[in-house]
Amino acid sequence: MFPIDKFINRPTPFYYYDLALLRRTLDVIKETAAVNSAFSVHYAVKANANPLVLDQICRAGLGIDAVSGGEIERAIECGFAPDTIVFAGVGKNDNEINMALNAGIACFNVESLPELEVISDLAVKAGKVARIALRVNPNIDAHTHHYITTGLSENKFGISRELLMPVVRRAIELPGVEFMGLHFHIGSQLTDMEPYRMLCDTINQMQDEFEKEGIAIKSINVGGGLGIDYDNPDKNPISDFKGYFDTFNNGLKLREGQSVHFELGRSVVGQCGSLITRVLYVKKGLAKQFAIVDAGFTELIRPALYQAHHEIENISAAPGSPMETYDVVGPICESSDTFDKDVELPVTHRGDLLALRSAGAYGEIMASGYNCRRLPQSYAD
Ligand SMILES: *Cc1c(COP(=O)(O)O)cnc(C)c1O
């Protein structure tokens with residue numbers, strides 16, 4: 001399944017993207033999101049901004065969810081129309097806001113009252129009106145890792161439900177903004193639909209409250225967070241998009257003319273990417289042996305940062321080789337630079353290529369230059 005002959009002479013480590021799998025994933029997203037003509041899908045570009053990946057996503061007709069000015073610029077460079085871009089983030093600076101206003105993006109997802117006031121001021125100065133949605137903290141516990149849970153009321157994202165209405169009123173009266181609706185994002189790597197059903201119930205309740213107040217909601221952005229199967233990338237290469245979109249189609253009580261926006265990152269690109277690394281040394285210790293590879297947390301930080309699991313395969317081992325157990329570790333001078341412990345691999349030698357699977361999301365984009373290392377190259381096929 002990997003084009004190994006094309007890997008042999010490439011300098012390692014590098015990211016490999018299986019564009020055929022990415023295209024199949026995008027086809028499934030388009031088919032299953034079509035269950036409701038009000039649905040539109042934005043790709044959360046923070047998961048992976050590689051131009052070859054963005055090109056496929058742009059061709060598939062998805063919009064963009066950006067969380068920085070740099071992401072907006074990258075998306076526009078890669079062909080996305082500004083009016084398909086939404087801009088989220090708790091700390092948008094003035095330059096970023098002005099750039100997004102000038103580009104004419106679809107919507108700002110606003111996370112606090114002071115941000116709302118600043119966007120209105122800057123828009124008035126630029127002679128524009130910014131479309132905005134308010135990010136609501138729906139207080140749903142999505143049971144993900146505590147570093148990546150975002151929907152609980154005590155965190156830096158969004159506005160608590162209890163504090164929302166005065167901010168909505170302010171948005172309606174401010175001259176530089178047009179209130180479009182509400183934005184939510186409850187967490188990441190969710191593989192169970194229950195938190196999404198709870199989100200639909202919350203949105204339905206809030207819609208009733210808004211209706212009583214006589215405030216119209218034109219658009220609802222339900223965020224992203226659909227997970228991927230890190231343990232079985234070959235068995236489940238494409239997430240349950242049908243279950244996901246059906247959950248919202250069945251759960252949301254939409255009003256006439258409302259649009260629903262989705263912001264999927266990981267589930268779009270996660271399974272199409274692998275980090276390919278070469279074994280430098282096999283070191284035998286007292287009770288363990290270590291496969292020391294030429295990639296480290298500088299190339300893929302998820303295991304060190306969130307104890308994330310990536311399947312590891314020796315893709316150059318001879319078929320039928322006996323299996324042995326290895327700790328797979330990188331060259332960085334930190335003991336957290338371990339990809340996984342006690343991994344069963346075919347007998348592994350210096351020069352073998354290993355693939356760290358399911359690394360298409362939050363992999364290459366989070367690479368760093370720590371230890372003065374070069375940023376990883378990529379290869380797409
Ligand atoms: C990160 C993020 C997403 C995408 O999350 P995934 O888990 O990759 O789908 C969507 N919306 C917002 C606001 C985000 O911050």
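Predicted model: local features only at pLDDT ≥ 70, side-chain atom pairs only at ≥ 80, totals over all residues.
Pro13 lies in the segment before strand β1 (14-17); here helices (H or I, at least four residues) and strands (E, at least two) are DSSP runs, numbered from the N terminus. A cis peptide bond joins Thr12 to Pro13, with omega at about -5°. Residues are numbered from 1 along each chain as its sequence is written, and side-chain values use heavy atoms, with hydrogens and water left out.

Most residues other than glycine have a negative phi, and most peptide bonds are trans.

I turn now to the helices. Two packed helices are described by the angle between their axes and the distance between the axes. Axes are lines fitted to C-alpha atoms, for helices over the stretch in contact, and angles run from 0 to 180 degrees between N-to-C directions. Helix α1 (residues 19-33) packs with helix α8 (residues 241-251) at an angle of about 25°, the axes being 9 Å apart. α1 and α8 are therefore roughly parallel to each other (angles under 35 degrees count as roughly parallel, over 145 as roughly antiparallel, 65 to 115 as roughly perpendicular and the rest as oblique).

How do α4 and α5 cross, and at roughly what angle? The axes of α4 (residues 94-103) and α5 (residues 113-125) come within 10 Å and cross at roughly 55°. α4 and α5 are therefore oblique to each other.

Finally, the ligand. Which residues come nearest to the ligand? Of the 14 residues around the ligand, they are Lys46, Ser188, Glu263, Arg266 and Tyr362, a residue being near if one of its heavy atoms lies within 4 Å. The shell divides into three nonpolar, six polar and five charged residues (Ala, Val, Leu, Ile, Met, Phe, Trp, Tyr, Cys and Pro count as nonpolar, Asp, Glu, Lys and Arg as charged, and the others, Gly among them, as polar).

A polar side-chain atom of Ser188 lies 2.4 Å from an oxygen atom of the ligand. For Tyr362, the distance from such an atom to a ligand oxygen is 2.5 Å, and for Lys46 it is 2.7 Å.

Definitions and conventions: Polar contact = N/O pair within 3.5 Å; in protein donor to acceptor, adjacent residues only side chain to side chain.
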